[in-house]
Amino acid sequence: MGTTHGHKSVPIPCPYGYGTRGYPYPWVKLPSLDLGDSHHLDTPVWKDIATGLSTFRAITKVSIANGTSTSFWADLWTGDSPLQDRFPNLFSHSTRPNINVAAALTPDFRNTLGPRLSLAAETDLRTLANELSSVTLRQDTLDTRWGRLANKKLSNKCVYTNSFRHLRIEEAAEKFWRSAAPLKCKVFCWLAWKKRLPTNERRFRHQLCNTAACLSCSHNEDVDHLLLMCPKAKEVSRFFFPDFDIRGPANLNDLWMTKCRSFEEATVTTAIAWNIWKRRNARTFNDTAEDLLLVSRRCIEDIRLWAHRCNSSPPSLSLNNWCNGFDPP
Ligand SMILES: [Zn+2]
C-alpha cells in the first residue's frame with residue numbers, strides 16, 4: 001500500500017510489506033498516489049489484494065499516531081463511523097478520496113476539494129474543521145489498527161467473526177461445539193446432526209453398497225437409528241442412563257436440545273455417540289463384535305482423557321466424578 005508525499009514522483013512505501021505498491025522493481029519511480037488509488041503498473045497480485053481493502057477497512061478502526069497508513073475518508077479513526085459516511089456532501093467534492101490522515105491534516109487540505117463547494121459541503125467543512133481542531137499527530141509512532149467488534153488487535157479470529165456474523169448459529173450445534181471432546185469428535189457430531197454420516201442408508205442411496213440395512217438388527221441404518229434406536233445403541237445408552245427407554249430422545253435433534261443442557265452433558269453425549277459409531281465401524285469393516293463392557297469402558301476412558309483438556313477445573317472435576325460412579329466397587 002502506498003502513501004502520498006505531496007505531488008512529487010516518489011517511490012511509495014508499503015506498510016504491509018509488499019514493496020513498492022506490489023511493483024517488483026523498487027528503482028522505478030511511480031507517480032504519487034494515495035492509499036487505495038489504482039495505477040496501470042499495478043500487478044495482478046496487488047489488484048487482488050486491493051479488492052479486499054474495503055472489507056479490511058469495514059472491520060477495523062485505527063488509533064491515530066503519525067496518520068500515514070490511515071485513510072482520512074474511508075478508515076474509522078475519529079467519531080463512530082468513517083468521515084465519508086458522516087460528511088457525504090463534502091466527500092463528493094474530494095479530488096483525492098484516498099488521501100491519508102497525515103496529508104489531510106495540513107493547511108493544503110482545502111486544495112484537495114473541488115474549487116467550488118455546495119452550501120451543504122461548506123457546512124460539512126466547518127463542522128469537520130471544528131471536530132479535527134483537537135487532533136494532534138505523533139510523528140514518531142505508527143498508527144495502530146484494531147478489530148471493530150472485539151476492540152482487540154486485528155487477528156484471523158477477528159476477521160472470521162466479522163465475516164460470518166450475519167449467519168445464524170444453530171442452537172444444537174453450539175452445544176456439541178462447546179464440549180470437551182477433541183475436534184474430530186465434534187466434526188463427527190456435526191456430520192451426524194446434519195445427517196451426513198456415511199451410514200448404510202446414505203451409502204445405499206448413493207449406490208455405494210447393496211443394502212441399507214443395519215448389520216445388527218436389519219432395520220434401515222440412518223443416523224437416528226444408528227445412534228439412538230438400534231438395540232446395540234440403546235444398550236450403551238441404558239448402561240449410563242437406566243431410564244433411557246422412558247425418557248430417551250425421539251431423534252438426534254431432540255437429544256442435543258433436551259439432554260445436553262450443560263458442558264458436561266454435551267461431553268458425555270459426544271463420548272457415547274462416538275463410541276457407538278466406533279463399535280459399528282468395527283462390526284462393518286473388521287467383522288468384530290465388541291461387547292458392551294468394552295464400549296462402556298472406552299466411553300469412560302475418553303471422558304477422563306477429555307476432562308484433562310478442560311481449561312478450568314470445575315468441569316474437569318465434575319466429569320471425573322461422573323466417571324467415578326461407574327468404577328467397579
Ligand atoms: Zn440396528
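**Entry 1. Helix 15 and helix 17**

I began with the crossing of helix 15 and helix 17, which is right-handed. The model I am reading is a predicted one. The two axes, those of helix 15 and helix 17, come within 10 Å and cross at roughly 50 degrees. That angle makes helix 15 oblique to helix 17. I then listed the residues that meet here: Phe-263, Glu-264, Thr-267 and Val-268 from helix 15, and Pro-315, Ser-318, Leu-319 and Trp-322 from helix 17.

**Entry 2. Helix 16 and helix 17**

Next I looked up how helix 17 (residues 313–324) packs with helix 16, and found an angle of about 165 degrees with the axes 9 Å apart. Angles over 145 degrees count as roughly antiparallel, so helix 16 is roughly antiparallel to helix 17. On the helix 16 side I noted Ile-300, Ile-303, Arg-304, Ala-307 and His-308 in the contact, and on the helix 17 side Ser-316, Leu-319, Asn-320 and Cys-323. I recorded the crossing of helix 16 and helix 17 as left-handed. Leu-319 is listed in the contact with helix 16 and also among the residues that meet helix 15.

**Entry 3. The nonpolar cores**

Which residues touch the most other members of the largest nonpolar core? I found Leu-227 and Ala-273, in a core of 32 residues. I checked which elements give two or more residues to this core, and they are helix 9, helix 11, helix 12 (231–240), helix 14, helix 15 and helix 16 (292–308). Helix 15 supplies the largest share, eight residues. Leaving aside residues up to four places away in sequence, Ala-273 touches Cys-189, Ala-192 and Leu-227. I also found a second, separate core, which has 16 residues, including Phe-72, Trp-73, Ala-74 and Phe-87. For background, nonpolar side chains tend to be buried together in soluble globular proteins.

**Entry 4. Helix 14**

I looked up the buried residues of helix 14 (residues 252–259) and got Leu-252, Leu-255 and Trp-256. Why do they lie on the same side of helix 14? They do so because they cover an arc of only 90 degrees around the axis. I then checked what these buried residues pack against, and noted helix 8 (171–177), helix 9 (183–193), helix 11 (223–229) and helix 15 (263–286).

**Entry 5. Whole protein**

Last, I took the totals. I have 17 helices and two strands in the protein. Of its 329 residues, 27% are buried. For contacts between residues at least 6 apart in sequence, I noted that 55% join residues at least 24 apart.

Definitions and conventions
Residues numbered from 1 in each chain as written. Predicted model: local features only at pLDDT ≥ 70, side-chain atom pairs only at ≥ 80, totals over all residues. Buried ≥ 20, exposed ≤ 12 C-beta atoms within 10 Å, placed from the backbone. Helix = DSSP H or I, 4+ residues; strand = E, 2+ residues; numbered from the N terminus. Arc of directions from axis to C-beta. Contact = placed C-beta atoms within 7 Å. Core = buried A, V, L, I, M, F, W, Y, C linked by C-beta atoms within 7 Å. Axes fitted to C-alpha atoms, helices over the stretch in contact; angles between N-to-C directions. Parallel < 35°, antiparallel > 145°, perpendicular 65-115°, else oblique. Left-handed = near helix turned anticlockwise from the far one by under 90°.
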